[in-house]
Amino acid sequence: MANETALGAALKNAVQSLSKKSQTEMIAAHVYAKYDVFKQFRPLALGIHEALIAALPQFDAQLVSRVLANHCRRQRYLKALARGGKRFDLALKAVGEVTAEEKAAAERMCQARADKAAPKAEAAPVAAVVQEAPVADTAGEASAE
């Protein structure tokens, strides 16, 4: 970073004056707009965080890592990892394979999320019925009067 330009330094200072949340959202928007590997939710190359941090010097490295971690926890990414296949770099070039262990771990994470979401999905219809019942009773009473 010794060769940083004045414009680059000004941009970095402006970005870092924002809240961490705003910076994270800005980085995420930039990453998804610039790199197809993120838009397409392809399995990422191992060590891609180093390449991403190097490609985005205007952003705090810790926040770039946070954006990457958030991406890798998304259900769509986990499903892509569970399917297995090739891993990709920032230029969308294949640079490795998803191992059987990684594939199995992603499948377990997807299943755990599905198991966690199942009770919520079952509870929602019951709550809807409970909310509808008083409305129906009230309407019945009003027409009887």
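Is Cys110 buried or exposed? With a relative accessibility of 12%, Cys110 counts as buried, where buried stands for under 20% relative accessible area, exposed for over 50% and partly exposed for what lies in between (1.4 Å probe, protein chains only). Cys72, at 26% relative accessibility, is partly exposed. A search of the whole structure turns up zero disulfides, a disulfide being a pair of cysteine sulfur atoms within 2.5 Å.

Some ground rules before going on. This is a predicted model, so local features need pLDDT of at least 70 and side-chain atom pairs count only at pLDDT 80 or more, while totals for chains, interfaces and linings use all residues. Residues are numbered from 1 along each chain as its sequence is written, and side-chain values use heavy atoms, with hydrogens and water left out.

**The overall layout**

The protein has seven helices and two strands. Both kinds of element are DSSP runs numbered from the N terminus: helices are H or I with at least four residues, strands are E with at least two. Read from the N terminus, the order is α-α-α-α-α-α-β-β-α. Of the 145 residues, 26% count as buried. Take the contacts (heavy atoms within 4.5 Å) between residues at least 6 apart in sequence: 61% of them join residues at least 24 apart.

In soluble globular proteins, nonpolar side chains tend to be buried together. Here, the largest nonpolar core has 25 residues. The term covers a set of buried Ala, Val, Leu, Ile, Met, Phe, Trp, Tyr and Cys residues joined through side-chain atoms within 4.5 Å. The residues with the most contacts inside this core are Ile27, Val31, Tyr35, Phe38, Leu44, Leu52 and Leu56. At least two core residues come from each of helix H2 (20–34), helix H3 (36–39), helix H4 (48–55), helix H5 (61–73) and helix H6 (75–83).

H5 is worth a quick geometry check. Its 13 residues, at 1.5 Å a residue, should span 18 Å, and the end C-alpha atoms sit 19 Å apart, which agrees; the expected span is 1.5 Å times one less than the number of residues. The buried residues of H5 are Leu63, Val64, Val67, Leu68 and His71. Seen down the helix axis, these buried residues fall within an arc of 145 degrees, so they line one face of H5; the arc is taken from the directions from the axis to the C-beta atoms. They pack against H2, H3, H4 and H6.

Over in helix H2 you'll find Gln23, which counts as buried at 1% relative accessibility. Apart from neighbours within four places in sequence, Gln23 is in contact with Val15, Gln16, Leu18 and Leu63.

**Aromatic pairs**

Rings of Phe, Tyr and Trp (its six-membered ring) pair if their centres lie within 6.5 Å; planes under 30 degrees apart count as stacked, over 60 as edge-to-face and the rest as tilted.

| Pair | Centre to centre | Between the planes | Kind |
|---|---|---|---|
| Tyr32 and Phe38 | 6.1 Å | 75 degrees | edge-to-face |
| Tyr32 and Phe41 | 6.1 Å | 40 degrees | tilted |

Tyr32, Tyr35, Phe38 and Phe41 form one aromatic cluster. Phe38 is buried, with a relative accessible area of 1%. Tyr32 and Phe41 are both buried too, with Phe41 at 7% relative accessible area.

Phe41 lies in the loop between H3 and H4. Although not a glycine, Phe41 has a positive phi of about 50 degrees. Leu92, also not a glycine, has a positive phi of about 65 degrees. Leu92 lies in the loop between strand S1 (86–88) and strand S2 (94–97), and counts as partly exposed at 28% relative accessibility.

Back to Phe41: Gln75 is 34 residues away in sequence, with a C-alpha to C-alpha separation of 9.8 Å. Gln75 is found in helix H6 and is partly exposed at 27% relative accessibility. Not counting residues up to four places away in sequence, Gln75 touches Arg113 and Cys110, the buried cysteine from the opening question.
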